[in-house]
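Please look at the model below.

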Protein chains: 2
Amino acid sequence: MVDVVPTLQALRPRDVSGRVAVVIDVLRATSTLVTALAAGAREVRPAATPREARVRYDRLAAARGGTEGLLLGGERMGLRIEGFDLGNSPLEYTPERVSGKTIFFTTTNGTRTLRRAAGTRTGGGGARRVLVAAFLNATAVAKEVLSAEGDVVLCCAGTRGGFSLEDILLAGFIAAHLERNAPFVFRDLARAAAALYRSMAGEDGRDLARAVAAADHARHLTALGFGDDIVLCATLDTTDIVPEYRRGRVVVP
Amino acid sequence: MVDVVPTLQALRPRDVSGRVAVVIDVLRATSTLVTALAAGAREVRPAATPREARVRYDRLAAARGGTEGLLLGGERMGLRIEGFDLGNSPLEYTPERVSGKTIFFTTTNGTRTLRRAAGTRTGGGGARRVLVAAFLNATAVAKEVLSAEGDVVLCCAGTRGGFSLEDILLAGFIAAHLERNAPFVFRDLARAAAALYRSMAGEDGRDLARAVAAADHARHLTALGFGDDIVLCATLDTTDIVPEYRRGRVVVP
């Protein structure tokens with residue numbers, strides 16, 4: 001069974017329970033997570049709030065006797081948080097900045113979607129596995145889902161409680177890959193997302209960059225000066241890593 | 001501005017406030033409402049629960065000294081409610097049964113979507129107007145929206161809290177009509193719904209019946225024995241009435 005949940009707010013425990021969850025926040029949290037780990041970051045520890053990120057960073061720095069190897073990253077309202085090392089632009093997460101580092105990371109929707117998909121820490125109700133998807137690793141994620149077997153739910157973060165076109169397009173790319181490669185039962189939104197991807201991006205993805213650039217949140221980010229991020233986040237298959245969220249950390253297994 | 005809300009649960013007061021709202025529950029509440037009013041029903045009074053429908057029916061019957069001209073209609077779990085005159089199949093709402101009648105009507109999602117779109121009874125926060133759309137009157141609704149001017153939000157009821165393909169397809173039909181006939185700013189889901197309609201139903205709607213029949217809720221209703229309803233509810237433009245929800249009643253103005 002393949003299902004799609006359109007927003008963080010619509011994600012209910014029963015949507016993910018026992019399934020493989022794929023978390024999608026194209027602009028920009030999951031694109032940044034994939035970029036950071038592809039650039040050699042050791043791990044990313046998502047935090048719900050800037051304060052939580054800071055407290056956990058300080059606690060680990062104290063335990064280690066220094067901030068060597070630690071970074072703070074994330075955004076609020078699209079912008080870098082005061083005092084943080086990095087914002088939420090994947091372009092900042094270069095090998096020079098992040099290789100070997102542990103990054104405490106917080107964004108408005110992406111982090112909460114990871115946590116909600118994973119369920120409670122005591123193990124009740126969460127997904128069997130939580131994979132992190134961007135266009136940058138889209139085919140690798142689709143292949144991993146196929147090899148994991150079982151039901152899959154593509155969990156879109158959305159934007160400010162609403163549907164995000166770029167997230168549904170990525171869900172559609174993955175759904176279309178699954179449709180071609182194995183017999184799945186498709187729920188309505190999974191079937192719709194696959195049709196939408198083919199219609200707006202083209203079977204070969206030729207119009208993907210244009211479709212993403214026309215999305216509401218892309219236009220907002222472009223107005224904030226992040227136009228280059230949009231181009232990067234709409235690029236298919238630059239890496240084959242599949243980051244996974246496990247026990248509060250995003251790592252490449 | 002044209003926006004689409006995918007489910008009753010996602011509908012927030014700020015989505016509709018001061019706008020023209022179009023309520024969509026293709027399978028089957030709004031298809032039944034349009035059919036009943038096209039068949040000459042005097043008015044439909046939506047109720048949240050079977051009990052509320054019954055109490056209001058009894059109260060009006062007592063005031064009038066009889067049940068002449070009154071009917072009870074609606075469903076729970078897809079089936080007629082015990083003791084009600086009519087279920088939620090549009091095929092039951094013939095001129096012979098409903099012409100001139102006042103119908104107290106309750107369904108799981110459709111009624112709540114009408115009420116939520118209309119806002120509180122004291123006038124705070126609701127839509128400027130609430131129109132009732134089905135494929136049966138889709139072009140008439142789109143024309144009414146154009147002549148009403150201003151922002152429009154297409155409010156899909158959805159099914160059990162989830163996205164319904166047939167509702168998004170009707171939202172897409174109306175959005176595509178608006179796109180062709182006037183300059184609107186389209187929000188993400190409005191643009192996506194229009195693309196999805198063209199992709200799944202075809203520019204001319206030729207594949208509409210097949211697309212609706214493949215939807216999750218259509219397959220559920222077919223299994224319950226309502227296959228003929230699906231065919232009827234996927235038929236375009238059989239009437240040009242545009243029912244409107246005003247002060248607790250659905251009427252043809």
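Asp216(B) is buried, at a relative accessible area of 17%. Buried here means under 20% relative accessible area, exposed means over 50%, and partly exposed lies in between (1.4 Å probe, protein chains only). This is a predicted model, in which local features need pLDDT of at least 70, side-chain atom pairs count only at pLDDT 80 or more, and totals for chains, interfaces and linings use all residues. Residues are numbered from 1 along each chain as its sequence is written, chains are lettered from A and ligands numbered from 1 in the order in which they are written, and side-chain values use heavy atoms, with hydrogens and water left out.

Asp216(B) forms a salt bridge with Arg191(A), with the closest N and O atoms 3.9 Å apart. A salt bridge is a side-chain nitrogen of Lys or Arg within 4 Å of a carboxyl oxygen of Asp or Glu. This pair crosses between chains, from Asp216(B) in helix 10 (residues 216-223) of chain B to Arg191(A) in helix 8 (residues 188-201) of chain A. Helices (H or I, at least four residues) and strands (E, at least two) are DSSP runs, numbered from the N terminus. Arg191(A) is buried as well, with a relative accessible area of 16%.

Just after helix 10 of chain B, Gly225(B) has a positive phi of about 100°.

## The two chains

How does chain B relate to chain A? The same surface serves both copies, as 100% of the contact residues of chain B recur in chain A. Contact means heavy atoms within 4.5 Å.

The contact takes 22 residues from chain B and 22 residues from chain A. About 1700 Å² is buried between the chains, and carbon and sulfur atoms give 54% of that area. Phe163(B), Asp188(B) and Asp216(B) supply 32% of the area that chain B buries against chain A, more than any other three residues. Buried area is the accessible area (1.4 Å probe) that two parts lose on being put together, summed over both.

Across the interface there are 10 residue pairs in polar contact (both at pLDDT 80 or more). A polar contact is a pair of N or O atoms within 3.5 Å; within protein, one must be able to donate a hydrogen and the other to accept it, and residues adjacent in sequence count only if both atoms are side-chain atoms. Helix 7 (165-181), helix 8 and helix 10 of chain B each supply at least two residues of the side that touches chain A. Helix 8 of chain B gives the largest share, 8 residues. By class, this side of chain B has 10 nonpolar, 3 polar and 9 charged residues. Ala, Val, Leu, Ile, Met, Phe, Trp, Tyr, Cys and Pro count as nonpolar, Asp, Glu, Lys and Arg as charged, and the others, Gly among them, as polar.

Leu196(B) lies in helix 8 (residues 188-201) of chain B. Leu196(B) is buried, with a relative accessible area of 4%. Beyond its neighbours within four places in sequence, Leu196(B) is in contact with residues including Ala192(A), Ala195(A) and Leu196(A).

## Salt bridges

The structure holds 38 salt bridges over all chains. Between chain B and chain A the count is 4.

| Pair | Closest N and O atoms |
|---|---|
| Asp216(A) and Arg187(B) | 2.8 Å |
| Glu144(B) and Arg129(B) | 3.0 Å |
| Asp204(B) and Arg206(B) | 3.8 Å |

Both Asp204(B) and Arg206(B) are exposed. Salt bridges that share partners join Arg187(A), Asp188(A), Arg191(A), Asp216(B) and Arg219(B) into one network. Glu144(B) is partly exposed, with a relative accessible area of 24%.

## A buried glutamate

Glu43(A) sits in strand 3 (residues 43-46) of chain A. Glu43(A) counts as buried, at 4% relative accessibility. The side chain of Glu43(A) makes a polar contact with the side chain of Arg249(A) (3.4 Å).
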